[in-house]
Amino acid sequence: QVSHLSLAPDLGGGDATQLRLSAIRQVATVLASLASFVLVRVSLALLGPSASASASARVFHTVSVQVVVAGAVTTALCVLL
């Protein structure tokens, strides 16, 4: 994340723009974390309380792959647009 912060002076012309870029990055990080947590929590809740550890691990693995793919697609779209 430090490399992202070092880009702010190059991307933004003034202090207000740099502050806005940093705030957007921080909000995006928090929203991504919350979305990941909610996705895992809902997926495990749908599995039920009596699910085995291997079933829970499969759900966690599936959600982890989905989050990584979503992040890669989002990053690719931001770079291309």
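Helix α2 has 33 residues, which at 1.5 Å a residue should span 48 Å. Its end C-alpha atoms are 48 Å apart, in agreement with that expectation. The expected span is 1.5 Å times one less than the number of residues. The model is predicted: local features need pLDDT of at least 70, side-chain atom pairs count only at pLDDT 80 or more, and totals for chains, interfaces and linings use all residues. Residues are numbered from 1 along each chain as its sequence is written, and side-chain values use heavy atoms, with hydrogens and water left out.

The chain holds 3 helices and 0 strands. Along the sequence the pattern reads α-α-α. Helices (H or I, at least four residues) and strands (E, at least two) are DSSP runs, numbered from the N terminus. Helix α2 covers residues 15-47. Just after α2, G48 takes a positive phi of about 100°.

Helices α2 and α3 pack at an angle of about 150°, with their axes 10 Å apart. α2 is therefore roughly antiparallel to α3. Axes are lines fitted to C-alpha atoms, for helices over the stretch in contact, and angles run from 0 to 180 degrees between N-to-C directions. Angles over 145 degrees count as roughly antiparallel. The crossing of α2 past α3 is right-handed, meaning that the near helix is turned clockwise from the far one by less than a right angle.

From α2 come S36, L39, V40, S43, L44 and L47. They meet A55, S56, V59, F60, V63, Q66 and V67 of α3. The buried residues of α3 are A55, V59 and V63. Their cover includes α2. Here buried means under 20% relative accessible area, exposed over 50%, and partly exposed in between (1.4 Å probe, protein chains only).

L39 lies in α2. L39 is partly exposed, with a relative accessible area of 34%. Leaving aside neighbours within four places in sequence, L39 is in contact with V63, Q66 and V67. L39 and Q66 are 27 residues apart along the chain, and their C-alpha atoms are separated by 9.8 Å.

Buried residues make up 7% of the 81 residues in the chain. The chain exposes about 6,300 Å². Carbon and sulfur atoms supply 72% of that area. Accessible areas come from the Shrake-Rupley method with a 1.4 Å probe; for residues, only the protein chains shown count as cover.

Key: Contact means heavy atoms within 4.5 Å. Angles under 35 degrees count as roughly parallel, over 145 as roughly antiparallel, 65 to 115 as roughly perpendicular and the rest as oblique.
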